[in-house]
Amino acid sequence: MRSALLAVVAALAAGCNHASISDGGMPQALDCGALSAGLGVLDVKGDYPTIDTSPEAELILGFQGFKMLFFEVHMSALPADTSGAIVVEIDGESPYSQGFAELQPRDDGKGGLVADPLPLFFNSYTFATLDGKGCQLTLHLGGKSCSATATGHVLLHYSPGCQQDPSGRIECTDGGV
């Protein structure tokens, strides 16, 4: 019985399209067409420029005391799986990641798609520790069979008075966004 089960599993696996494993042990994305991803971060002006053009990311005090920045996920096409994660590497600190569930992207008016802003949390740190620190952000979008990444480095900035109100709106009372 056990050998019959192994034969069925082997036959099914042979027919599946798997990602290969690189030397680093991470699955590599299979070519899934023209899918590309981009990452936009809330800057000090209240805009979401792409991370490759944005020198600063504005930190926000959430209405429940959370420390966060907001990001947008840009994509050139709609992959079957719009979930993913962001790996955060604050200069001099250990990296960590934060996952996100299925996105509901909309037309960005430029031939691509964009999802509504999501929070990226920094609750293990104080604003004093984060303000002025560099941070590498790496977006991983999609699943094994179709994925894309975007990476960039930003300078974290906190303007005291930048807060998220209970409705989710961001207000900066003293010069931030």
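Contact here means heavy atoms within 4.5 Å. Among contacts between residues at least 6 apart in sequence, 60% join residues at least 24 apart. This is a predicted model, in which local features need pLDDT of at least 70 and side-chain atom pairs count only at pLDDT 80 or more, while totals for chains, interfaces and linings use all residues. Residues are numbered from 1 along each chain as its sequence is written, and side-chain values use heavy atoms, with hydrogens and water left out.

Of its 177 residues, 36% count as buried, that is, under 20% relative accessible area with a 1.4 Å probe, protein chains only.

Next, select L69, F71, I86, F122, L137 and L156. Of the 33 residues in the largest nonpolar core, these touch the most other members; such a core is a set of buried Ala, Val, Leu, Ile, Met, Phe, Trp, Tyr and Cys residues joined through side-chain atoms within 4.5 Å. Strand β10 (147–164) is among the elements that each supply at least two residues, and β10 gives the most, with five.

Finally, select Q98 in strand β5 (residues 96–100). Is Q98 buried or exposed? Q98 is buried, with a relative accessible area of 19%. The side chain of Q98 reaches the backbone nitrogen of F121 at 3.0 Å. Leaving aside neighbours within four places in sequence, Q98 is in contact with A85, I86, P119, L120 and F121.

Methods. Helix = DSSP H or I, 4+ residues; strand = E, 2+ residues; numbered from the N terminus. Buried < 20%, exposed > 50% of the residue type's maximum accessible area, 1.4 Å probe, protein only. Polar contact = N/O pair within 3.5 Å; in protein donor to acceptor, adjacent residues only side chain to side chain.
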